[in-house]
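Me: I have a few questions about this chain. Please set each value against its definition.

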Amino acid sequence: MNYDSKAVKLIQYGVLIFFAILMFFPIFWIFSNSLKTLNGISEFPPQIFPSEPQWQNYIDVIKKSNALEYLKNSLILIVGNTIGTLVSSSIVAYPLARMEFKGKGVIFGMILATMMVPTVTLVIPQFLLFRTFGWLDSFLPMMVPSFFAYPYNVFLFRQFFKTIPKSIDESAMLDGCSRMQVFTKVIAPLAKPIFITVGVLSTIFWWNELFQPLIFIDSENLKPLTLGALNAFKIEGGQNQTAWNMQMAFAMIMAIPPMILYMFASKHLVAGIKTSGMKD
């Protein structure tokens, strides 16, 4: 029996290691190509790792592109959207989780139903609306909707709030706290894991988001990293040819911050999502 359990564990670890390598290989391949020359990219058979790594590529990425300008724009989008979604989604979720009122289940059901609407079907109505407002070619079309709560984040907050005993609310209200004070001074501090979870998810989403900036942004000085990287490294004199080694270096630089963020926040992410997934 002991040998059987060891064999099962070996198989499990083997499967996990195999899939870990499978998932890690694209990242390694981007890193490898980022250290090659332009001609080295097109070599066949390809080198797994270049014999003479071109570390200068990473310096050239900063020097030969508007990377710092793109970074500033990405950070504006991340901060604005993260603040908006944390404030709006938590405020909407609080009464759905902690208060009793007529139609609460219907309202929550309608919020969940909006999650089933494909995002692409909203692009044309949003574009026409924001054009009417005069918001095109600005950050407003991407930031303002965050202050009206995203359904998935409302769901996460509601599920987490429901795990906190309601007796805490009652005790605070007996001490003279209003509903808003209960939320800001009692519930919010206890819900730190879910605030971190939603904040990290929002940060990673807007760090990687390409579709919305592609629709709403035209000006070069407003492009975030994802949009700026599309045409950042064209070969001089080439017809729509890309310097892929530089493009890979840019992609590798963009991949590092989410990895670091996840490493530091993984504990809270697991706690927040695990607790939010508990049944009512």
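Me: What makes I30, N33 and S34 contacts of M248?

Reply: Contact means heavy atoms within 4.5 Å. M248 touches I30, N33 and S34, leaving aside residues up to four places away in sequence. This is a predicted model: local features need pLDDT of at least 70, side-chain atom pairs count only at pLDDT 80 or more, and totals for chains, interfaces and linings use all residues. Residues are numbered from 1 along each chain as its sequence is written, and side-chain values use heavy atoms, without hydrogens and water.

Me: Why is M248 called partly exposed?

Reply: Buried means under 20% relative accessible area, exposed means over 50%, and partly exposed lies in between (1.4 Å probe, protein chains only). M248 has 21%, so M248 is partly exposed.

Me: Where does M248 sit?

Reply: M248 is in helix α14, residues 244–276. Helices (H or I, at least four residues) are DSSP runs, numbered from the N terminus.

Me: Which residues of the largest nonpolar core touch the most other members?

Reply: A nonpolar core is a set of buried Ala, Val, Leu, Ile, Met, Phe, Trp, Tyr and Cys residues joined through side-chain atoms within 4.5 Å. In this core of 26 residues, they are V61, F139, M142, L225, F233 and F250. Helix α14 gives the largest share, five residues.

Technical notes. Helix = DSSP H or I, 4+ residues; strand = E, 2+ residues; numbered from the N terminus.
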